[in-house]
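We'll walk through it one piece at a time.

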Amino acid sequence: MEALEQVIDPELGIDIINLGLVYGVDVDENGDVLVTMTLTAMGCPLAATIQQDVRAALMPIEGVNNVDVNIVWDPPWTKDRLSRYAKIALGIS
């Protein structure tokens, strides 16, 4: 999760953890990582970039063999998933 805080949403300028986009990270005994996440909007033109950034953030970690990113739309993302930091940064109360 700490490594994923380095992945910044290019449109919002805030990391995907504080945006509440990551729903789960599963690591199996072979070092294969599955990141289940969403995006703030369907059809996000930067989806491929964010997925690539997630892989780039996790692959250097010792023991990680492979990274898959699963984009899901259920449950849908809402502003309620924003961290306090993200709400302040975005001016949302």
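**Starting from a helix**

Let's begin with helix α1, residues 47-58: at 1.5 Å a residue its twelve residues should span 16 Å, and the end C-alpha atoms are 17 Å apart, which agrees. The expected span here is 1.5 Å times one less than the number of residues in the helix. As for the names, helices (H or I, at least four residues) and strands (E, at least two) are DSSP runs, numbered from the N terminus.

A word on ground rules: this is a predicted model, so local features need pLDDT of at least 70 and side-chain atom pairs count only at pLDDT 80 or more, while totals for chains, interfaces and linings use all residues. Residues are numbered from 1 along each chain as its sequence is written, and side-chain values use heavy atoms, with hydrogens and water left out.

Which residues of α1 are buried? They are Ala47, Ile50, Gln51, Val54 and Leu58. Seen down the axis of α1, these buried residues fall within an arc of 100°, so they line one face of the helix. That arc is taken from the directions from the helix axis to the C-beta atoms. On the other side of α1 you'll find Ala48, Gln52 and Ala56, which are exposed. Buried means under 20% relative accessible area, exposed means over 50%, and partly exposed is in between (1.4 Å probe, protein chains only). The cover over the buried residues of α1 includes β2 (32-37) and β3 (66-71).

Now zoom in on isoleucine 50, which sits in helix α1. Isoleucine 50 has a relative accessible area of 1%, so it counts as buried. Leaving aside residues up to four places away in sequence, Isoleucine 50 touches Val7, Asp9, Pro10, Ile16, Met37 and Leu39; contact means heavy atoms within 4.5 Å. Isoleucine 50 and leucine 39 are eleven residues apart in sequence, and their C-alpha atoms are 9.2 Å apart in space.

**The segment before β1**

Next, go to isoleucine 8, in the segment before β1. Isoleucine 8 is partly exposed, at 38% relative accessible area. Not counting residues up to four places away in sequence, its contacts are Gly13, Ile14, Asp15 and Asp53. From isoleucine 8 to alanine 89 is 81 residues along the chain, and the C-alpha atoms are separated by 13 Å.

Leucine 12 is also found in the segment before β1, and with 35% relative accessibility leucine 12 counts as partly exposed. Which residues does leucine 12 touch, not counting those up to four places away in sequence? The answer is Leu19, Thr40 and Leu90. Leucine 12 and alanine 89 are 77 residues apart along the chain, with 9.5 Å between their C-alpha atoms.

Over on the surface, Met1, Val25 and Val27 form a nonpolar patch with about 270 Å² of accessible area together. Valine 25 belongs to strand β1 (residues 22-27) and is partly exposed, with a relative accessible area of 31%.

Proline 75 lies in the loop between β3 and α2 (84-90).

Last stop: lysine 87, in helix α2. Buried, exposed or partly exposed? With a relative accessible area of 25%, lysine 87 is partly exposed. Residues up to four places away in sequence aside, lysine 87 touches Lys79, Leu82 and Ile92. Lysine 87 and leucine 39 are 48 residues apart along the chain, and their C-alpha atoms are separated by 16 Å.

Note on methods
Patches are made of residues with over 30% relative accessible area and no salt bridge: like charges are joined within 9 Å, nonpolar side chains (Val, Leu, Ile, Met, Phe, Trp, Tyr) within 5 Å. Accessible areas come from the Shrake-Rupley method with a 1.4 Å probe; for residues, only the protein chains shown count as cover. A salt bridge is a side-chain nitrogen of Lys or Arg within 4 Å of a carboxyl oxygen of Asp or Glu.
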